[in-house]
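My entries follow in the order in which I looked things up.

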Amino acid sequence: MLSPTPDIRRPEPRWPVIVAVFSAVALHFALPNSMHAGSSWALAIVVAVLVAAAQLFHATGQYRANSWTGYAILGLLAAGLLYGVAALLLGLVHHTGSATSVLRSASVLWLTNVIVFASWYWRLDAGGPNERERREAHINGAFLFPQMSLPGSSDASKTLADDVGWRPNFVDYLFLAFNTSTAFSPTDVPVLSSWAKLTMMLQALISLTTIVLLAGRAVNIL
């Protein structure tokens, strides 16, 4: 549970994930109307309002409300992603849409997949950013980053994360999500928790689906 009067010495920057969220919204506009569950402009407005609310909650110390607002934002983006993937598969089965439209849509969904899951990892790992920024170093979580296992230089009993006060930021989770979508594995970051393993399996499955569709359409065009 979040402390009502936390000691935050190094606030975790929110702007990278805000940029990522709005990038996912912008990619939504590149999808054909058949892959939208609703209006793209409505999604953009709702996300903008929720982002503003999340920032206000964080600035005023309402950390629980900030976390739930973050979940709502990512839930909307995840729902849009899953709807788009399902619509893409149905379009392939029923042979609707041109080859160019399918190629563009699959590419957009692949990029959205990376962004959405990176944001979820950032939001959920080790209690989320509101919990992580209360710690001097990141020494446990759902993912074992290299800094958490490498020995420190000042004390053999401490890791590099302890030694330099290292904590992951959004780029670390984006790198993890990118590797999962390209190599279908976390590469240099072992996965420790069950929820993270299941989430990464879902991300890899979505990525594999879009890549197979891209390859299949490319072969048909050639």
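Which residue just after helix 2 takes a positive phi? I found Gly 61 there, with a phi of about 80°.

Ground rules. The model is predicted, so I kept local features only at pLDDT of at least 70 and side-chain atom pairs only at pLDDT 80 or more, while totals for chains, interfaces and linings use all residues. Residues are numbered from 1 along each chain as its sequence is written, and side-chain values use heavy atoms, with hydrogens and water left out.

Entry 1, whole chain. I counted eight helices and zero strands in the protein chain; these are DSSP runs numbered from the N terminus (helices H or I, at least four residues; strands E, at least two). Of its 222 residues, 45% count as buried, that is, under 20% relative accessible area with a 1.4 Å probe, protein chains only, where exposed is over 50% and partly exposed lies in between. For contacts (heavy atoms within 4.5 Å), I took those with a separation of 6 or more, and residues 24 or more positions apart account for 72% of them.

I checked the length of helix 2 (residues 40–59): at 1.5 Å a residue its 20 residues should span 28 Å, and the end C-alpha atoms are 28 Å apart, which agrees. The expected span is 1.5 Å times one less than the number of residues. Its buried residues are Ser 40, Leu 43, Ala 44, Val 47, Val 51, Ala 54 and His 58. They cover an arc of only 95° around the axis, so they sit on the same side of helix 2; the arc is taken from the directions from the helix axis to the C-beta atoms. This buried side packs against helix 1 (15–28), helix 3 (63–93) and helix 5 (129–132). On the face turned away I noted the exposed residues Trp 41, Ile 45, Val 49, Leu 56 and Ala 59.

The largest nonpolar core has 49 residues, and Leu 77, Tyr 121 and Phe 143 have the most contacts inside it. Such a core is a set of buried Ala, Val, Leu, Ile, Met, Phe, Trp, Tyr and Cys residues joined through side-chain atoms within 4.5 Å. Helix 4 gives the largest share of this core, 13 residues. Leaving out residues up to four places away in sequence, Tyr 121 touches Phe 143 and Trp 195, among others.

I placed Ser 105 in helix 4 (residues 99–124). Ser 105 counts as buried because its relative accessibility is 0%.
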